[in-house]
Amino acid sequence: MALLEMKDISIEFPGVKALNHVSFASETGRVHALIGANGAGKSTLMKVLSGAYSHYTGEIHLDGRKAVITSPRDALEEGIQIVHQEVDTALIPYLTVGENILLHDLVNEMGRKQLVGWKPLHKKATRILEEMNISVSSKMLVSELTLAQKQMVLIARAVSAQCRFLILDEPTAPLSHSETNELFRIVRNLKAQHVGIIFISHRLPEIFEICDDITVMRNGELVIKENISETSIHRVIEQMLGKSLDEQFPFLNGKVGEIVLEVKGLSDAEKIKDLNLTVRAGEIIGIAGLVGAGKTELCKTLFGCTKITAGDVFLNGRKLKLKNPHQAVRQGMALVPEERRKEGILVEESVAANLTAANLGQFTKVFSFLDRRAEKQKAVEIIQTLGIKTPSEKTKVQNLSGGNQQKIAIGKWLIADADVYIFDEPTKGVDVGAKKDIFELISALAKRGKAIVYASSEFPEILGITNRLYVLYDGRAVKELETSAATEEELLFYSTGGR
Amino acid sequence: MEVSKPVTAQSLPKKKFELFDFFYKYGTILTILVLIGVFTAANPSFVQGHNLMNILRSISIVTIIAIGITISLSVKGFDLSVGSVASLSNAIAISMFVWFSQNTATAIFSALAAALMVGIINSVMIVKVKIPDMLLTLATMFIIQGIALTYTKGATISQNMVMPDGTFATGKISAAFEKIGQVPWIIVIMAAAVVLVHVLLNYTKHGRYMYVIGGNEEAARLSGIPVDKYKVAAYLLSAFFASIGGIVLASRVMTAEINAGTPYLMDAVAAAFIGFSVFGSGKPNAFGTLVGAILIGILQNGLVMMSVPYYSMDIVKGAVLAFALALTYYKQKK
């Protein structure tokens, strides 16, 4: 039995202390859960262990011997393997399963050999797959596999090399229930072969099903390490939360009008299942859920980006049939998407061009000629009302900070003046000051009688700003709560699959 | 604190790369001036009025076709089929006169109609079937080239040509059509195309939307811009200008030679990419494309005057294109 110890690990990034004197220990032959809210530092800690950073302080010991890990190669040589959540980035789709499993051999162990021996390769890969009881043919192309199968191929690759510790970073988030069971069978199998497994997950019931130990992190620090049989879901949630941050949320006066948006039995092709919700004028609705719960999918489906496979959406009592976002905007909907740089703003365009992108028609004269004076005037006005910190309205957006970019992504919908505003993680990567401005902006919109959908995995924010909320778990709205009566503990309970 | 950070981030690299930025912005113009100086020194008749007119005339077809490419580039698309569309339009226009004795309007409109059909096919395959633009237009380039060849039965169409049945073709090309390819009309058409597209891209809502789509298609879609419609429009316009180029070419040479439009593809692509950098705009733009075409035209004309053989010209033009691409992508990397 080998012992892994990370002692007194600290790491800083510009402006953030991501890990603060964390000491973590794990053993082979056990499944160790690592859990914490978003930004608690669990991914950072595992990145340190797998050699993604070299500028940390503290020591890593394996079996009492000091191990120097400053590059992914060091980590591999110590037998530490990691399977990331985005499996596609680590696989080569048009090679076979066998080649992918033995990729390391193919790249590094060929020496002066120029020809690939296909028979021994597939034989070796098949043996590995059989040992792990994975029913995938070695000769299949990876591009033909399901997500769950790809994950297993990656695990097989990790195990095929020397592997003492295997880190699984949120492996179950994209998996269905039966696929999760299959994964757990393999995890138990590996455990029996004395591999140490570090299991990062947001789903507490799963952790209590498969893990032996649990370590909880919060704000870059290790809070507790316990034996799973000696703790409970409620205790873990308590430890994850600690004391909540005092945030200044604007006061909601709660003048709620007619139903504006009504969703009945909505499903999409992938994630969303049989979802119901209503939003009234002047109301802020929270969509609370952890990463992978389907918040983004819900927002995009409402906005016409993905096809609805079942159910109906009504806007002001009229049934909506959206084919694309263009129609959604014309019907009076607005979306501030999660991936700001990719989807929300035009980094190479000026602040003014960004602000008017959603409703340029307002700034045109005859024959669609642009009225640049009107455009500039409005841009300057929005810059002032939203307090966007920019040298001028002509500055390219890529030169602004995250908070200011987000204000611009929201600002463009103020010009367009919609009825329904959908916010998907609007405070992601935004500093505290800008956060407060954004909350005030959203509540001001509600006061003007707009219907607002606020999707986030930051539960304190949802509790601070919404009137009513739905908890999302695995694409379903599992619970509807009045915000005034809800607690963070409750949200965490339902969003991790509790009933 | 918040304000000062982005400002320094913006101004620091500028100072460092000042020399590069200067050459990026004005390099094309400077090169043109230097070339004019060199060629004039080698042969003083280079700057004479009639030679300059000659250059303008010789670049007009390239420019018109390149303007179409500029539009497809503005939505981050790419249209390789413009050369063959020009060939097809050329063949149809001349055949309408020579084979079918039609009038000028019929000749022009049938050439345009055929080109727009190509534009529709291109845009549907790219927007709906989602074939990458470069690959799809590579395929249509060959298809259209083949159609043009089949249509002319692999022969040159000209007045008084011998028909398959042994008789002479009786159709005549109208005098009005002949005017299109002559100075000043050929230059007027080119100037009109440049000005129109410059205004479209820079001063109208539609141009703004096209650049926005080219900059970030997903963000454009989520802003409610009808992305697909604009992409279709871009490929239709690209085919339209290629067709105008073919028609002008038809009028200029008064025949329809085999694959007459094909050589214009590379020159037009080069002109459009050189245009990226003109005055530091950093994106496809009509005025820059004109400057790019002028650069190529001067190079070609001057080298001919210096007795560089025509068959070596592609080396120079290819090198210019590679240099323009290097400039564009190095700039983006920064």
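**Strands, a sheet and a helix pair**

Let's start in chain A. Strand S6, residues 80–83, pairs with strand S7 in the parallel sense, over four bridges. Keep in mind that this is a predicted model.

Where does A:Ile82 find its bridge partner in S7(A)? At A:Ile167.

Now the other neighbour. S7(A) also pairs with strand S8, residues 196–200 of chain A. That pairing is parallel too, and it runs over five bridges. Here A:Ile167 stands opposite A:Ile198 in S8(A). So much for the pairing.

Is S7(A) buried or exposed? The strand spans residues 165–169 and is mostly covered, with five of its five residues buried. Side chains in a regular strand alternate between the two faces of the sheet. Both faces are covered here. On one side sit A:Phe165, A:Ile167 and A:Asp169, all buried.

Next, an open sheet in chain A. It has four strands in the order S2-S1-S4-S5, with antiparallel pairing. Which strands stand at the edges? Strand S2, 16–27, and strand S5, 65–67. Each has a single partner strand, so one side of each is left without a neighbour in the sheet. On average, neighbouring strands of this sheet are turned by 25° against each other, ignoring direction.

Look at one pair from it. Strand S1, residues 3–13, and strand S4, residues 57–62, run antiparallel and are joined by five bridges. In S4(A), A:Glu59 is the bridge partner of A:Lys7. Helix H1, residues 42–49 of chain A, packs on this sheet. H1 touches S1, S2 and S4 of chain A, and its direction makes about 115° with that of S1(A).

Last stop, chain B. Helix H2, residues 18–42, packs with helix H12, residues 262–277. Their axes are 7 Å apart, at an angle of about 135°. That angle makes H2(B) oblique to H12(B); the cut-off for roughly antiparallel is over 145 degrees.

Which residues make the contact? From H2(B), B:Tyr24, B:Lys25 and B:Thr28. From H12(B), B:Ile274, B:Phe276 and B:Ser277. By class, the contact has three nonpolar residues, two polar and one charged.

Notes. Residues numbered from 1 in each chain as written. Chains lettered and ligands numbered in written order. Predicted model: local features only at pLDDT ≥ 70, side-chain atom pairs only at ≥ 80, totals over all residues. Heavy atoms only, no water. Axes fitted to C-alpha atoms, helices over the stretch in contact; angles between N-to-C directions. Helix = DSSP H or I, 4+ residues; strand = E, 2+ residues; numbered from the N terminus. Parallel < 35°, antiparallel > 145°, perpendicular 65-115°, else oblique. Contact = heavy atoms within 4.5 Å. Nonpolar A, V, L, I, M, F, W, Y, C, P; charged D, E, K, R; others polar. Buried < 20%, exposed > 50% of the residue type's maximum accessible area, 1.4 Å probe, protein only. Pairing = 2+ DSSP bridges.
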